[in-house]
Amino acid sequence: MSGEQAAALPAGTTGVTTGRRRAAIRSQERAASELFAAVYPRLAGWVRRLVEDDETAHEIAAEAFTRLWARWARVEEPSGFLYVTAANLVRDHWRKLERERGAMRRVTAQEQQKQHHETDPSVRMLVQSLPARLRNPALLYYYADLPVREVARLLGRREGTIKADLHAARELLRAELGGHHDRIA
């Protein structure tokens, strides 16, 4: 080993120690590669049966291995770690799907309600016939679903004025619709 090479090593490190480290790293890489070849197909197949999607199954299995690699030196039972990690990731996936389904149900319900308002020509035409001073706050509040504070900011008016305009718009609509709509809120 040259003087420059020795100077590049940390204090107390010799070429023999560095060689041992490299050998240990190669040994770990080999063990990890063998584990991957032996476990990955079964793990991905198991996850596939749980999530019913090939791509997601491979993503979860790969993520489990990634988490194992990050803790490789501290994990005593790599195969068990992989399956427990994959099970946790599957549970996270199911929770995410449930949140997405809930959001889709809410959006669908809102869209159906919105379409009902849009397809009810009497309400739509009445809202369009309101004076601009009342129509704009009503459209922004009821149809764009903006809060009173945001409507006030957009129209450059005070919140109290917007609330009064919304009240006046509701009263006009109630009077025009009579008994056709039992509840205008």
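# Briefing: helix packing, core and salt bridges

Thr56 is found in helix α3, which spans residues 54-70. Helices here are DSSP runs (H or I, at least four residues), numbered from the N terminus. This is a predicted model: local features need pLDDT of at least 70, side-chain atom pairs count only at pLDDT 80 or more, and totals for chains, interfaces and linings use all residues. Residues are numbered from 1 along each chain as its sequence is written, and side-chain values use heavy atoms, with hydrogens and water left out.

**Thr56**

- Thr56 has 15% relative accessibility and therefore counts as buried. The cut-offs are under 20% relative accessible area for buried, over 50% for exposed, and partly exposed in between (1.4 Å probe, protein chains only).
- Not counting residues up to four places away in sequence, Thr56 touches Val51 and His93. Contact means heavy atoms within 4.5 Å.

**Nonpolar core**

- The largest nonpolar core has 20 residues. Such a core is a set of buried Ala, Val, Leu, Ile, Met, Phe, Trp, Tyr and Cys residues joined through side-chain atoms within 4.5 Å.
- Leu35, Leu43, Val47, Ile60, Phe65 and Leu82 have the most contacts inside this core.
- Two or more residues come from each of α2 (15-51), α3 and α4 (78-119).
- Helix α2 gives the most to this core, with 8 residues.
- Val47 touches Ala57, Ile60, Ala86 and Val90, leaving aside residues up to four places away in sequence.
- As a general background, nonpolar side chains tend to be buried together in soluble globular proteins.

**Packing of α7 on α8**

- The axes of helix α7 (residues 148-155) and helix α8 (residues 159-177) come within 9 Å and cross at roughly 105°. Axes are lines fitted to C-alpha atoms, for helices over the stretch in contact, and angles run from 0 to 180 degrees between N-to-C directions.
- Helices α7 and α8 are therefore roughly perpendicular to each other. That class covers 65 to 115 degrees; under 35 is roughly parallel, over 145 roughly antiparallel, and the rest oblique.
- On the α7 side, Val148, Arg149, Val151, Ala152 and Leu155 make the contact. They meet Glu159, Ile162, Lys163 and Leu166 in α8.
- The residues of this contact divide into 6 nonpolar, no polar and 3 charged. Ala, Val, Leu, Ile, Met, Phe, Trp, Tyr, Cys and Pro count as nonpolar, Asp, Glu, Lys and Arg as charged, and the others, Gly among them, as polar.

**Salt bridges**

- The count comes to 11 salt bridges. The rule asks for a side-chain nitrogen of Lys or Arg within 4 Å of a carboxyl oxygen of Asp or Glu.
- In α3, Glu63 and Arg67 lie 4 residues apart, about one turn of the helix. Their side chains meet in a salt bridge at 2.8 Å, N to O. Glu63 is partly exposed at 30%, and Arg67 is partly exposed at 33%.
- In α4, Arg95 and Asp92 are 3 residues apart, about one helical turn. Their salt bridge has its closest N and O atoms 3.2 Å apart. Arg95 is partly exposed at 46%, as is Asp92 at 39%.
- In α7, Glu150 and Arg153 are 3 residues apart, about one helical turn. Their side chains form a salt bridge at 2.6 Å, N to O. Glu150 is partly exposed at 26%, whereas Arg153 is exposed at 55%.
- Salt bridges that share partners join Glu98, Arg101 and Arg105 into one network.
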